[in-house]
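Student: I'd like to learn how to read charged side chains and contacts in a model like this one. Can you walk me through it?

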Amino acid sequence: DEMLNNGHEPDVPFYNAVLHTLRKGGKSDLAYQMLLKLLDEGVAVNDRSFEFVVSSYRHTGKLDKALQVMKMMQEAGFQPATETYNTALSCCKRKGNVEVAWKLLDEMEQKGIPRDTFSYSAAISAHAKFGQLELAKQVHARMEADGVKKNTHTYNALLSVYKREGNWEEAFALFEQMKMEGVRRNDTTYHNLIRICRQHGAWRQATSVRDEMQVDGVIFTAETMKQLLTVFISAGKLADAMKMKHMMAYRAEKNDNVFAYHALLGAFARTGAWRMASGIVDEMVSLNIEPTSQGSACLMEAFTK
């Protein structure tokens with residue numbers, strides 16, 4: 001209004017700049033309302049106008065809205081580009097909407113729109129929400145057939161599906177492929193592998209993952225250390241569990257150390273290792289960590305065995 005009052009007519013680049021600002025500010029609903037107003041007033045918007053509004057839904061995950069704007073875009077005579085489809089696929093990832101993800105990939109192929117690493121990685125991630133491994137494998141195979149390069153996110157997405165279902169042998173074969181291709185591993189990669197090890201009681205593989213993390217210089221998160229601790233305790237490898245407890249003492253928060261001490265206390269109680277259980281309690285006292293009623297019961301159990 002101020003521009004009009006000063007005799008300046010806003011043009012499409014100006015409107016697009018506003019839409020871009022709304023997108024960056026997470027104001028997707030305002031961006032959508034502005035686009036509708038521009039269309040109603042007969043402003044000759046361009047493809048970027050629609051793309052800015054679609055991409056504003058990437059972080060909110062409003063798939064229906066993103067698809068609606070893409071439809072409006074095509075009705076206006078503009079073809080959505082790879083980036084626009086990727087926004088919709090990102091929404092599918094957040095919602096776990098596999099059906100729409102497949103539909104979008106098919107549509108891209110039919111219209112000759114290039115699928116890139118993000119396109120396939122997002123589609124694979126959509127399958128992780130409900131653990132649809134076989135379908136995720138099909139997307140992976142399609143990605144390889146298209147000659148699209150895989151990255152860390154692609155492999156992590158696949159490992160996330162294995163985290164929900166599948167066997168650890170296949171997951172580790174995928175991990176080996178990742179290493180052979182020189183794809184960088186990060187904390188998410190290793191966390192997924194450790195979760196898989198925990199689910200299948202694969203403590204030897206968990207030990208290998210722990211060692212490879214150290215070689216790769218990947219920082220152990222508190223959650224990763226807790227998962228490793230649980231794997232070792234479940235397998236009865238209490239010496240390895242104690243090593244993780246020592247690592248957690250330096251790197252984890254107090255609440256995570258409380259978890260570690262009580263988990264070990266329970267493990268020593270089950271095996272009747274009262275000296276080790278007593279030593280854990282002494283450490284807890286020195287750190288002002290008060291045993292829970294369950295922890296005290298574990299200690300009594302250790303002494304009675």
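Tutor: Let's start at Arg164, which sits in helix H10 (residues 152-164). Helices here are DSSP runs of H or I with at least four residues, strands are E runs of at least two, and both are numbered from the N terminus. Keep in mind that this is a predicted model, where local features need pLDDT of at least 70 and side-chain atom pairs count only at pLDDT 80 or more, while totals for chains, interfaces and linings use all residues. Residues are numbered from 1 along each chain as its sequence is written, and side-chain values use heavy atoms, with hydrogens and water left out.

Student: Is Arg164 buried or exposed?

Tutor: The cut-offs first: buried is under 20% relative accessible area, exposed is over 50%, and partly exposed is in between, with a 1.4 Å probe and protein chains only. The areas come from the Shrake-Rupley method, and only the protein chains shown count as cover. Arg164 has a relative accessible area of 55%, so it is exposed.

Student: Which residues form the positive surface patch?

Tutor: A patch takes residues with over 30% relative accessible area and no salt bridge; like charges are joined within 9 Å, and nonpolar side chains (Val, Leu, Ile, Met, Phe, Trp, Tyr) within 5 Å. Lys and Arg count as positive, Asp and Glu as negative, and His and the chain ends are not counted. Each charge is placed at NZ of Lys, CZ of Arg, CG of Asp or CD of Glu. Here the positive patch consists of Lys93, Arg94, Lys95, Lys129 and Arg164. Helix H6 (residues 82-95) gives the most to it, with three residues.

Student: Where is Lys129 found, and what does it touch?

Tutor: Lys129 is in the loop between helix H8 (117-128) and H9. It is partly exposed, because its relative accessible area is 41%. Contact means heavy atoms within 4.5 Å. Not counting residues up to four places away in sequence, Lys129 touches Arg94, Lys95, Gly96 and Arg164. Its C-alpha is also 8.6 Å from that of Ser160, 31 residues apart in sequence.

Student: What is the salt bridge partner of Lys137?

Tutor: Lys137 meets Glu170, at 2.9 Å from N to O. The pair links distant parts of the chain, with Lys137 in helix H9 and Glu170 in helix H11 (residues 168-180), 33 residues apart. Lys137 is partly exposed at 26%, and Glu170 counts as partly exposed at 30%. Leaving aside neighbours within four places in sequence, Glu170 is in contact with Leu133, Lys137 and Tyr162.

Student: And what about Asp211 and Arg210?

Tutor: Their side chains meet in a salt bridge too, at 3.3 Å from N to O. Asp211 is partly exposed at 34%, while Arg210 is buried at 10%.

Student: Which residues is Asn192 in contact with?

Tutor: Asn192, in helix H12 (residues 187-200), is buried at 2% relative accessibility. With neighbours within four places in sequence left aside, Asn192 is in contact with Asn156, Leu159, Ser160 and Lys163.

How values were computed. Accessible areas come from the Shrake-Rupley method with a 1.4 Å probe; for residues, only the protein chains shown count as cover. A salt bridge is a side-chain nitrogen of Lys or Arg within 4 Å of a carboxyl oxygen of Asp or Glu.
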